[in-house]
Amino acid sequence: MTALAIPPDDDAVKPVLDRRLLRRLLQYVRPYTALVIGAVLLLALEGATAVVGPWLTQRVIDRAIPARDLGFIRLATIALAASLLVQFLCSYGETMLTGLLGQRVMRDLRTELFAKLQSLSISYFDRNPAGRLITRVTSDVESLNELFTAGVVAGLGDVFALAAMAIMMLLTDWRLALASFGAVPFVWLASRIFQKKVRVAYREIRGKLARINAFAQERITGVRVVQLFSREPGESARFDALNRDHLDSNIRSIRYYAAYFPAIEILTTVALASLIVAATQRVNAGLLTVGTVAAFLQLVRRFFQPLQDLSDKFNTLQQAMAASERIFTLLDTTATVPDDAVAPDVTKRTHRGVTITFDEVWFAYDTADGVAADDAATHWVLKGVSFTVRPGETLALVGHTGAGKTTVVSLLLRFYDPQRGRILLDGIDIRALPLAELRSRIGYVQQDIFLFAGDVASNIRLSNPIDDAAVRAAAARVGADRVIERLPRGYAQMLGERGATLSVGERQLLSFSRALASDPDLLLLDEATSAVDSEREADIQAALGTLMQGRTTIAIAHRLSTIVDADEILVMHHGVVAERGSHAVLLARKGLYERLWRLQVGDPGLLTDETTAAAVALAGPND
């Protein structure tokens with residue numbers, strides 16, 4: 001079996017508690033201070049009532065039974081029942097308050113994480129698979145929920161219970177108390193070993209879970225390719241390997257739990273035995289009452305339970321520290337394409353169309369955005385690209401796969417920033433414009449159409465504040481209305497994930513309607529008619545003739561018949577502009593473009609020409 005092509009984990013975390021992380025987590029708790037105070041008070045009351053039972057046991061055995069005081073026994077029974085009721089109410093209230101605290105903190109964190117993810121640059125998502133990011137928003141946040149619901153606040157309750165019982169034991173008989181405390185160092189040692197082992201196991205579990213999510217998300221998204229190439233057995237085997245690794249990590253953690261809890265039970269039994277041995281001689285000598293011994297037996301068993309719980313809660317805290325470090329690493333990630341500009345007054349729309357200028361633009365994907373790089377060590381996708389397109393003009397880009405055509409569009413949309421050169425919109429560097437202002441002026445039709453699970457109208461409208469009439473008008477202008485009206489519910493028809501219930505051509509028409517709905521100044525067309533039939537393409541071309549009037553248009557095309565009327569055509573080749581000019585000028589030049597044109601119209605005489613290979617490359621799929 002080949003190695004799994006999974007990106008390396010980013011789940012290595014510090015093995016110790018980080019006070020900085022704890023302080024930062026507390027910032028999310030501050031708005032809910034009242035919930036914390038209420039829970040702590042209830043826990044303190046619950047811890048105080050935990051000693052009522054042993055105290056009443058001592059009094060009943062030592063005094064009430066010898067004196068045959070049935071009245072006191074009845075009162076003790078009522079008091080014990082009342083203490084149990086108080087403990088029940090305190091436990092219920094504390095669980096409700098801490099649960100509410102955890103859920104509200106989770107809500108706030110998930111909202112902040114989702115907003116952060118939407119603000120990050122595209123280059124971040126190039127490096128991080130979606131499944132791993134989903135793990136951050138779901139599983140890691142859930143770990144913090146456990147911290148607040150069953151961790152820190154509940155741990156305070158255990159501390160209160162320990163303190164109350166230790167004080168009760170020392171006040172009742174300090175000799176028996178010291179004998180009972182003899183097993184505490186061994187409990188501490190066992191807990192430390194357990195914490196160290198299980199912390200490593202939890203870290204592995206988190207990393208393996210992120211890998212499973214990333215792998216499953218990619219395969220589910222690409223299920224058509226998996227089924228087309230009959231990859232089901234192979235992908236199942238790969239998933240089974242990841243799943244088995246996750247299972248092994250979980251089994252290791254279960255093994256540690258299976259050893260730890262019985263060890264604590266044994267140590268508790270040893271403490272009880274030590275208590276009985278220490279008490280026997282003194283009881284026989286009349287120096288110690290049977291009631292005191294009975295009370296101590298109850299106190300010792302209750303004393304070791306919070307110790308065991310505290311160790312488990314410490315592991316919850318360790319999990320939360322690992323999760324919080326990953327969460328805060330994501331929250332602290334800065335966008336490589338900053339959005340801190342203020343829109344100048346000159347960017348207000350006073351006309352339709354804009355002037356776009358590329359001024360000696362160099363760009364490479366393998367360097368940080370906006371950072372100059374060493375030419376010799378950098379794979380430049382664009383090398384000194386320059387052009388200008390004005391309002392009402394159409395610029396067409398043609399070239400082979402990887403020539404840089406789609407990169408030009410990505411830079412215009414500021415998915416990335418160039419390392420060298422400038423991109424100007426009406427003479428203003430687009431880095432000086434807010435991203436929302438820049439992108440609101442652009443209508444973009446992609447070749448890879450993405451539709452959201454929702455109705456047709458919302459997919460056309462998206463964030464544009466337009467009414468239903470404007471939505472229908474945008475659809476009608478590109479001929480999409482005829483497709484939509486055939487749907488059972490028309491514009492209210494709910495679409496499946498990524499618009500799976502529509503054909504590729506129908507999805508492309510909706511995408512075209514979406515781009516035009518905002519009445520943009522700049523149209524970016526990435527092979528906009530590649531997936532529609534000839535009749536529909538003719539309708540779209542007719543609509544484009546009207547829509548492009550006064551607007552600026554940049555079109556990527558492989559079918560040259562769609563861009564013969566462009567004002568200027570750039571022939572991209574290995575990141576540079578190899579040829580430029582109108583269709584007629586390029587044909588007259590008899591270069592790469594002219595040979596590509598003759599190939600597409602079916603001139604077999606070119607098949608022996610030595611430049612045919614380069615021309616054929618220009619007809620490749622989009623880069």
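1. A search of the whole structure finds eight aromatic pairs, where rings of Phe, Tyr and Trp (its six-membered ring) pair if their centres lie within 6.5 Å, and planes under 30 degrees apart count as stacked, over 60 as edge-to-face and the rest as tilted. The rings of Trp362 and Trp380 have centres 5.3 Å apart and planes at 85°, so this pair is edge-to-face. The two residues are 18 apart and link distant parts of the chain, with Trp362 in strand E1 (residues 356-363) and Trp380 in the loop between E1 and strand E2 (382-389); helices (H or I, at least four residues) and strands (E, at least two) are DSSP runs, numbered from the N terminus.

2. The model is predicted: local features need pLDDT of at least 70, side-chain atom pairs count only at pLDDT 80 or more, and totals for chains, interfaces and linings use all residues. Residues are numbered from 1 along each chain as its sequence is written, and side-chain values use heavy atoms, with hydrogens and water left out.

3. Trp362 is partly exposed, at a relative accessible area of 22%, whereas Trp380 is buried at 7% (buried means under 20% relative accessible area, exposed over 50%, partly exposed in between, with a 1.4 Å probe and protein chains only). Arg420 lies over the face of Trp362, 5.4 Å from the ring centre, the criterion being that NZ of Lys or CZ of Arg is within 6 Å of the ring centre and within 35 degrees of the ring normal.

4. Phe363 and Tyr416 form a tilted aromatic pair, 5.6 Å centre to centre with 50° between the planes. Phe363 lies in strand E1 and Tyr416 in the loop between helix H13 (405-412) and strand E4 (420-425), so the pair ties together parts 53 residues apart in sequence. Phe363 is buried, with a relative accessible area of 1%, and Tyr416 also counts as buried, at 8%. Ring pairs link Phe363, Tyr365 and Tyr416 into a cluster.

5. Turning to helix packing, the axes of H9 (residues 184-221) and H11 (residues 232-284) come within 9 Å and cross at roughly 165°; axes are lines fitted to C-alpha atoms, for helices over the stretch in contact, and angles run from 0 to 180 degrees between N-to-C directions. That makes H9 roughly antiparallel to H11, a label for angles over 145 degrees.

6. Arg74, which lies in helix H4 (residues 70-119), counts as exposed at 54% relative accessibility. Its C-alpha atom is separated by 10.0 Å from that of Val60, 14 residues apart along the chain.

Technical notes:
Parallel < 35°, antiparallel > 145°, perpendicular 65-115°, else oblique.
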